[in-house]
Amino acid sequence: MKEAIKEAKKAQAKGEVPIGAVIVYEDKIISRGHNQKETTKKATAHAEIIAIEKACKKLGDWRLNDCDLYVTVEPCLMCCGAIIQSRVRKLVYGAKNDKFGHVESVDKILENSSHNHTVEIEGKVCEEEATEILQEFFQNNRKSKG
């Protein structure tokens, strides 16, 4: 999770919402991502999507069955869909996302038994640090617009 936090700080330095992600395969980080919506002008440029795409390319497969995704913030609905579609084995996340999180906050989409893939979930890892980064970003953002 510390590596995902490093990615979140990269996003923050670019003026992006500070969310970072890494994917681990066989105890090694094989991909990294951080939010790049503002930089790329793409709505889908979330940290998780970027990390998933890089991991698929690295492994030469769309299936990430033996991979674990670490992300600093509870994933949104789109990212939960990508996690299911790519068959990520385990999701580890930091801060809750009360407005957009679909792991536990708004919905529990990954626990829907009708999906053909089940994702192991571990939440609130390094929660305090991940939350602080987000709060600092939004406080600074409000001040600059104020």
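Student: Where does His-102 lie?
Tutor: This is a predicted model: local features need pLDDT of at least 70, side-chain atom pairs count only at pLDDT 80 or more, and totals for chains, interfaces and linings use all residues. Residues are numbered from 1 along each chain as its sequence is written, and side-chain values use heavy atoms, with hydrogens and water left out. Helices (H or I, at least four residues) and strands (E, at least two) are DSSP runs, numbered from the N terminus. His-102 sits in the loop between β4 (90–95) and β5 (120–122).

Student: Is His-102 buried or exposed?
Tutor: Buried means under 20% relative accessible area, exposed over 50%, and partly exposed in between (1.4 Å probe, protein chains only). His-102 has a relative accessible area of 14%, so it is buried.

Student: Which residues is His-102 in contact with, leaving aside its neighbours within four places in sequence?
Tutor: Contact means heavy atoms within 4.5 Å. By that rule, His-102 touches Glu-74, Pro-75, Cys-76, Leu-77, Cys-80, Asp-107, Lys-108, Ile-109 and Leu-110.

Student: Which strands stand at the edges of the sheet?
Tutor: Two strands pair if DSSP finds at least two bridges between them. The open sheet has five strands in mixed pairing, in the order β2-β1-β3-β4-β5. Each edge strand has a single partner, so one side of it is left without a neighbour in the sheet; these are β2 (28–34) and β5.

Student: How many bridges join β3 to β4?
Tutor: β3 (67–73) and β4 run parallel. Within this pair, Leu-69 stands opposite Leu-91. The number of bridges is five.

Student: How many residues of β4 are buried?
Tutor: Helix α5 (residues 127–145) lies across β3 and β4, at about 60° to β4. β4 is largely enclosed by the rest of the structure, because its buried residues number six of the six.

Student: Is α1 roughly parallel or roughly antiparallel to α5?
Tutor: Axes are lines fitted to C-alpha atoms, for helices over the stretch in contact, and angles run from 0 to 180 degrees between N-to-C directions. Helix α1 (residues 2–13) packs on α5 at about 5°, with axes 11 Å apart. Angles under 35 degrees count as roughly parallel, over 145 as roughly antiparallel, 65 to 115 as roughly perpendicular and the rest as oblique. That makes the pair roughly parallel.

Student: Which residues of α5 make the contact with α1?
Tutor: From α1 come Lys-2, Ile-5, Lys-9 and Gln-12. From α5 come Glu-129, Ile-133, Glu-136 and Phe-137.

Student: What covers the buried residues of α4?
Tutor: The buried residues in α4 are Cys-79, Cys-80, Ala-82, Ile-83 and Ile-84. Their cover includes α3, β3 and β4.
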